[in-house]
Amino acid sequence: MSIYRAIWRRSLDDPESFWAEAAELVAWERRFDRVLDESRPPFYRWFPGGLLNTCWNAVDRHVAAGRASQPALIHDSPVTGTIRTLTYAELQDRVARFAGAMVRLGVRKGDRVVVYMPMVPEAVIAMLACARIGAVHSVVFGGFASHELAKRVDDAKPVLIVSASCGIEPGRIVAYKPLLDAALAQSAHAPRHCVILQRPQLRAELVPGRDLDWEEAMAAAHPVDCVPVEATDPLYILYTSGTTGQPKGIVRDNGGHAVALAWSMRNVYGVQPGEVYWAASDVGWVVGHSYIVYGPLLNGNTTIVYEGKPVGTPDPGAFWRVISQHDVRVLFTAPTAFRAIKKEDPEGTYIKKYDLSRFRALFLAGERCDPDTLLWAEAQLGVPVIDHWWQTETGWAICANPLGIEKLPVKPGSPTLPMPGYDVRVLDEEGHEVPPGKLGAICIKLPLPPSCLPTLWNADERFVQSYLSRYPGYYLTGDAGFKDEDGYLFIMSRIDDVINVAGHRLSTGAMEEVLASHKDVAECAVIGVADELKGELPLGLVVLKAGVERPHAEIERDLVQKVRDEIGPVAAFKLVTVVKRLPKTRSGKILRGTMKKIADGQPWTMPATIDDPAILGEIAEALGRLGYPRRSAS
Ligand code: COA
Ligand code: AMP
């Protein structure tokens with residue numbers, strides 16, 4: 001049996017001893033009473049009775065252990081032309097000071113703090129400062145617009161919001177503060193204060209009495225110490241897209257999270273303390289939470305906070321420049337970033353310009369990794385390229401190739417095998433396991449391992465209904481796929497209305513809500529269509545109300561702008577067309593799956609339950625107007 005298999009087997013046969021041993025990677029203020037509390041299924045809690053502080057483990061502990069002068073964080077920002085390094089001692093000082101500033105503003109243990117910031121060190125400082133005082137952060141990705149921000153503010157009810165005057169996208173400055181102000185004008189809940197980082201590229205107007213300047217708040221603050229919290233206390237809430245327009249508030253605990261992440265840094269990524277690790281993502285996504293902030297810092301690594309893109313800042317050599325300049329050993333990003341690089345530099349000319357001899361491995365996740373991209377990256381870089389699969393809900397890899405243990409054979413198209421604690425099963429409609437090669441719903445047998453969501457924020461019932469009720473005793477991942485005869489998992493599609501655009505998880509349901517609220521729209525459907533660069537793109541089909549006479553092109557322009565204004569540019573919603581009617585089953589269910597197959601140029605059959613088959617001809621014609629199916633997809 002391989003070493004990996006023995007470890008994985010042990011994690012399922014004897015989870016108590018497996019995770020107790022992993023918990024030694026973390027410094028506890030008081031050791032836990034039990035490893036796993038199974039007394040209230042389907043709710044499970046890891047390390048009850050344990051006391052710890054995640055910020056202590058990520059920052060102070062390393063200063064005390066001799067890493068004070070090691071860089072903890074390198075902010076590499078090609079969009080501003082700056083590079084800034086913070087050592088562990090400097091990070092500790094900034095975090096303790098910002099924690100003091102928050103305490104001064106009345107933030108207490110258990111209070112929520114929303115962080116809406118671009119990729120600047122202050123975003124990381126704010127997150128760690130929350131962890132330091134036991135406040136619960138909820139980071140909202142900067143590419144979301146006011147309406148999405150407002151929804152999260154109303155659900156999390158923060159006492160404080162930390163934001164910045166602006167973010168910088170290639171070619172434009174994104175004014176964050178007006179987006180924040182508009183969100184607070186819409187939300188029912190109002191935070192007591194906002195702390196705003198004024199960036200030199202664009203200064204923001206502050207609201208007297210409510211808003212404070214970051215630098216002034218820091219200058220007036222006294223550093224505060226770490227507050228021990230229960231292992232089961234929430235560290236953060238991260239909202240993610242589900243089937244409806246109301247995002248799900250994924251809760252992360254302190255203890256299980258710290259243990260699983262510390263374990264993953266050594267065993268999945270094979271990174272030793274002191275090395276430089278880079279996750280080219282954004283702190284607004286789970287990849288950023290786990291592998292820009294907590295994972296590398298818990299493990300005593302130097303983390304890179306990159307404010308740029310894989311291409312265009314300034315060229316497709318940007319990633320190679322960062323890797324060689326900062327001695328990055330392991331890079332983690334989404335396949336879409338590599339598709340973008342490959343498109344602009346297919347021969348890898350830029351790769352040859354940099355010394356990448358110390359670079360060890362590339363990890364890809366966030367969306368399906370097409371074999372072409374994986375093989376291209378492998379050939380260009382000459383290092384292992386590892387596809388791994390996980391979700392906001394889990395916080396770390398469900399399936400991976402654990403380079404820190406042993407490199408298992410790579411099968412392009414598969415994220416390999418389950419990580420410890422994950423008992424992954426592929427189930428049919430009735431809940432029976434399907435044989436190898438057969439497609440089914442991918443589920444995980446309960447209990448989920450440490451770091452996975454214990455519940456949804458203030459929504460136990462929604463947690464059970466969304467994830468645990470379809471197959472009692474199992475967690476429903478929402479992904480469909482199959483296992484091969486060696487147990488390798490292949491993720492093929494989602495079983496819900498979630499789509500994946502450039503590695504960003506988005507809800508077509510949320511976009512439909514926006515389109516449906518337009519005064520001229522009677523009904524609509526949004527589907528995800530295949531895209532060579534971004535993996536998927538949303539495409540809207542709308543039916544107008546009777547009597548609407550405005551030109552269709554004008555309404556379509558309105559709708560694109562409306563999604564951009566309400567969800568945000570990250571939705572990349574640019575494809576929409578007016579149709580006379582939508583295809584439905586006799587019971588009135590819109591046939592989104594069939595429309596998607598037509599758009600992707602895949603074989604499809606006429607659904608037996610269709611109300612009126614002629615409508616699909618009209619839909620094919622409408623999709624043709626938008627250029628679908630694309631020639632390469634047909
Ligand atoms: N704040 C404001 N706007 C943002 C933003 C932010 N933090 N992040 C993205 N946007 C905007 C972009 O400017 C773009 O706007 P546009 O429509 O005016 O061009 C839109 O949102 C879509 O952004 P994006 O999906 O990033 O597309 P892109 O065309 O700018 O870049 C890639 C394409 C492939 C280069 C880019 O998606 C990428 O680098 N992906 C890496 C993958 C990644 O980070 N995944 C996260 C999970 S691991
Ligand atoms: P998020 O919660 O934003 O991380 O998105 C999680 C979803 O992205 C998963 O449920 C999958 O649908 C998809 N995903 C993530 N990683 C992979 C992968 N390696 N292969 C296929 N799909 C993936």
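1. Ligand 2 is surrounded by 15 residues, the closest being H388, T392, D479, R494 and R505. A residue counts as near if one of its heavy atoms lies within 4 Å. By class, this shell has four nonpolar, five polar and six charged residues. Nonpolar here means Ala, Val, Leu, Ile, Met, Phe, Trp, Tyr, Cys and Pro; charged means Asp, Glu, Lys and Arg; the others, Gly among them, are polar.

2. A note on the basis. This is a predicted model, in which local features need pLDDT of at least 70, side-chain atom pairs count only at pLDDT 80 or more, and totals for chains, interfaces and linings use all residues. Residues are numbered from 1 along each chain as its sequence is written, chains are lettered from A and ligands numbered from 1 in the order written, and side-chain values use heavy atoms, with hydrogens and water left out.

3. Ligand 2 has polar contacts (pairs of N or O atoms within 3.5 Å). A polar side-chain atom of D479 sits 2.6 Å from one of the ligand 2 oxygen atoms. A polar backbone atom of G366 is 3.1 Å from a nitrogen atom of ligand 2. The side chain of N500 places an N or O atom 3.3 Å from an oxygen atom of ligand 2. The protein buries 93% of the 490 Å² that ligand 2 exposes when taken alone. Areas come from the Shrake-Rupley method with a 1.4 Å probe.

4. Ligand 1 has 24 residues around it; E169, R172, P310, K534 and R564 are the closest. By class, 12 are nonpolar, six polar and six charged. R172 brings a polar side-chain atom to 2.7 Å from an oxygen atom of ligand 1. For Y176, a side-chain N or O atom is 3.5 Å from a nitrogen atom of ligand 1. The protein covers 83% of the 940 Å² of accessible area that ligand 1 has on its own.

5. R172, in β10, is the bridge partner of E169. Strands β9 (residues 166-169) and β10 pair antiparallel over four bridges. Strands are DSSP runs (E, at least two residues), and pairing requires at least two bridges. Two residues lie between the strands, and G171 in the turn has a positive phi of about 85°.

6. The domain assignment, automatic or from a database, gives domain 1 (3-308 + 388-480) and domain 2 (502-625). Each supplies at least three residues to the shell around ligand 1. The domain centres, over C-alpha atoms, are 33 Å apart.

Note on methods. Polar contact = N/O pair within 3.5 Å; in protein donor to acceptor, adjacent residues only side chain to side chain.
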